[in-house]
Amino acid sequence: AVQSRAIVVDRNTEITVSGDSEISLTTSHDISLMSGSALNAVDGDITLHANQQQSPSTGAFTSITANNAMIETSGTGNIELHGRAGDEGNGNVGVVLTNGSVVQSAAMGNSAGTITILGRGGAADSSNIGVVIDGLGTAVRSTDGDIQITGFGGTGTDAANIGVLVH
């Protein structure tokens with residue numbers, strides 16, 4: 001488990017675990033998975049929690065960004081992404097999956113892992129989105145496990161405070 005203010009999984013970096021091992025990244029601010037990075041678990045869970053503490057961090061930021069990255073379980077492990085965006089300025093997003101990022105549970109059968117994505121947009125005026133799934137090849141998919149995507153748009157009074165945006 002890694003805990004820090006900000007976590008970056010650098011370009012072309014792969015983290016793989018098997019058995020009951022898990023990947024757990026927790027931060028009081030933001031997590032970025034850069035292009036070509038991958039988190040893989042055979043039977044363990046993958047958990048990313050950004051800005052989930054009782055008193056959220058302030059500032060202008062997106063809490064979880066996966067840019068052309070892979071997050072995959074291939075056994076009984078579950079995937080959980082929980083992100084709460086910053087509260088200053090516009091365009092604060094809880095969870096962004098973009099540019100061909102894939103979140104995938106590849107196992108088959110009753111014990112297949114589930115995918116849960118929860119995003120909360122920021123509290124500023126506009127374009128504070130809970131979850132954004134964007135770009136050619138970007139996907140959230142599962143062979144047999146359930147998928148739940150929940151987004152809460154920001155509390156600002158202007159336009160585009162959207163829960164979940166897929167485009």
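A nonpolar core is a set of buried Ala, Val, Leu, Ile, Met, Phe, Trp, Tyr and Cys residues joined through side-chain atoms within 4.5 Å, where buried means under 20% relative accessible area, exposed means over 50%, and partly exposed lies in between (1.4 Å probe, protein chains only). The structure examined here is a predicted model, in which local features need pLDDT of at least 70 and side-chain atom pairs count only at pLDDT 80 or more, while totals for chains, interfaces and linings use all residues. Residues are numbered from 1 along each chain as its sequence is written, and side-chain values use heavy atoms, with hydrogens and water left out.

The largest nonpolar core comprises 25 residues, among which Leu33, Leu48 and Leu81 touch the most other members. Strand S3 gives the most to this core, with 4 residues. Helices (H or I, at least four residues) and strands (E, at least two) are DSSP runs numbered from the N terminus. In soluble globular proteins, nonpolar side chains tend to be buried together. Leu48 is in contact (heavy atoms within 4.5 Å) with Leu25, Ile31, Leu33, Leu39, Ile64, Glu80, Leu81 and His82, when neighbours within four places in sequence are left aside.

Strand S5, spanning residues 46-50, is mostly covered, with 4 of its 5 residues buried. Two strands are taken to pair if DSSP finds at least two bridges between them. Strand S5 pairs with S3 (residues 23-33) in the parallel sense over 5 bridges, and Ile46 of S5 is the bridge partner of Ile23. Strand S5 is also joined by 5 bridges to strand S8 (residues 79-84), and these two strands run parallel. Within this second pairing, Thr47 has Glu80 of S8 as its bridge partner.

Thr73 belongs to strand S7 and has a relative accessible area of 0%, so it is buried. Beyond four places in sequence, Thr73 touches Ala41, Gly44, Ile46, Asn78, Ile79, Gln104, Ser105, Ala106 and Ala107. Thr73 and Met108 are 35 residues apart along the chain, and their C-alpha atoms are separated by 11 Å.

Asn67 is located in strand S6 (residues 64-67) and counts as partly exposed because its relative accessibility is 29%. The contacts of Asn67, apart from those within four places in sequence, are Leu33, Met34, Ser35, Gly36, Thr98, Asn99 and Ser101. A separation of 18 Å was computed between the C-alpha atoms of Asn67 and Ile23, which lie 44 residues apart along the chain.

Most residues other than glycine have a negative phi. Asn68, in the loop between S6 and strand S7 (70-73), has a positive phi near 55°. Its relative accessible area of 34% places Asn68 in the partly exposed class. Ser127 also has a positive phi, near 60°, and is found in the loop between strand S11 (115-120) and strand S12 (131-134). Ser127 is partly exposed, with a relative accessible area of 31%.

Strand S14 (147-152) and strand S15 (164-166) each supply at least two residues of the nonpolar patch. Ile149 has its place in strand S14 and counts as partly exposed because its relative accessibility is 31%.
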